[in-house]
Amino acid sequence: MPQAISCYQDSANAKDIDAYMACFTPYAEMIDVSRAFNGTDSIRAWALREVIPGGDTFAHRKILERQEGYAKTEVNWLSWIVHYSYWWNEEDQITRMSLQYAD
């Protein structure tokens, strides 16, 4: 699994907000279905409300697409199956993410 994705999964499972935020660049963008959160302050506030409390339920099921610096995965989250798309830089930090309901 790409390092950026492992970082996200491991820190969410650990419910560790500092490790979670270290997965992102300072100007990262998070798209949660139709809501956009830009920059680490916005992502941190969202994550503390909506990710970290249920982080131990997060598990990647499989990689659906993969290219250099990008992957789309199928994920178990709480009681849902969702698609997470990740874009990352050369340092394996997430620059952009999109979380969408699975079809």
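The side chain of Asp-32 makes a polar contact of 3.1 Å with the side chain of Trp-46, a polar contact being a pair of N or O atoms within 3.5 Å, of which, within protein, one must be able to donate a hydrogen and the other to accept it, and residues adjacent in sequence count only if both atoms are side-chain atoms. The structure is a predicted model, in which local features need pLDDT of at least 70 and side-chain atom pairs count only at pLDDT 80 or more, while totals for chains, interfaces and linings use all residues. Residues are numbered from 1 along each chain as its sequence is written, and side-chain values use heavy atoms, with hydrogens and water left out.

A second polar contact, of 2.5 Å, links the side chain of Asp-32 to that of Arg-35. Asp-32 belongs to strand S1 (residues 24–32); helices (H or I, at least four residues) and strands (E, at least two) are DSSP runs, numbered from the N terminus. With a relative accessible area of 13%, Asp-32 is buried, where buried means under 20% relative accessible area, exposed over 50%, and partly exposed in between (1.4 Å probe, protein chains only). Apart from neighbours within four places in sequence, Asp-32 is in contact (heavy atoms within 4.5 Å) with Phe-37, Trp-46, Glu-50 and Leu-99. Asp-32 and Asp-103 are separated by 71 residues in sequence and by 15 Å in space, C-alpha to C-alpha.

Beyond four places in sequence, the residues touched by Met-30 include Tyr-8, Tyr-20, Trp-46, Met-97 and Leu-99.

Helix H1 (residues 3–14) has 12 residues and reaches 16 Å from its first C-alpha to its last, close to the 16 Å expected at 1.5 Å a residue; the expected span is 1.5 Å times one less than the number of residues. Buried residues of H1 include Ala-4, Ile-5, Cys-7, Tyr-8 and Ala-12. Lys-15, which follows H1, has a positive phi near 55°.

Strand S4 (residues 70–77) is largely enclosed by the rest of the structure, because six of its eight residues are buried. Strand S3 (residues 59–67) runs antiparallel to S4 and is joined to it by seven bridges; two strands pair if DSSP finds at least two bridges between them. Two residues lie between the strands of the S3 and S4 hairpin, in which Gly-69 takes a positive phi near 75°. Eight bridges join S4 to strand S5 (residues 80–88), again in antiparallel arrangement. The hairpin of S4 and S5 has two residues between its strands, and Leu-78 in the turn has a positive phi of about 50°. Trp-77 has Trp-80 in S5 as its bridge partner.

Thr-73 lies in S4 and is the bridge partner of Ile-63. Thr-73 is buried, with a relative accessible area of 1%. The side chain of Thr-73 makes a polar contact of 3.3 Å with that of His-60. Not counting residues up to four places away in sequence, Thr-73 touches residues that include Ile-5, Lys-62, Leu-64, Val-82 and Tyr-86.
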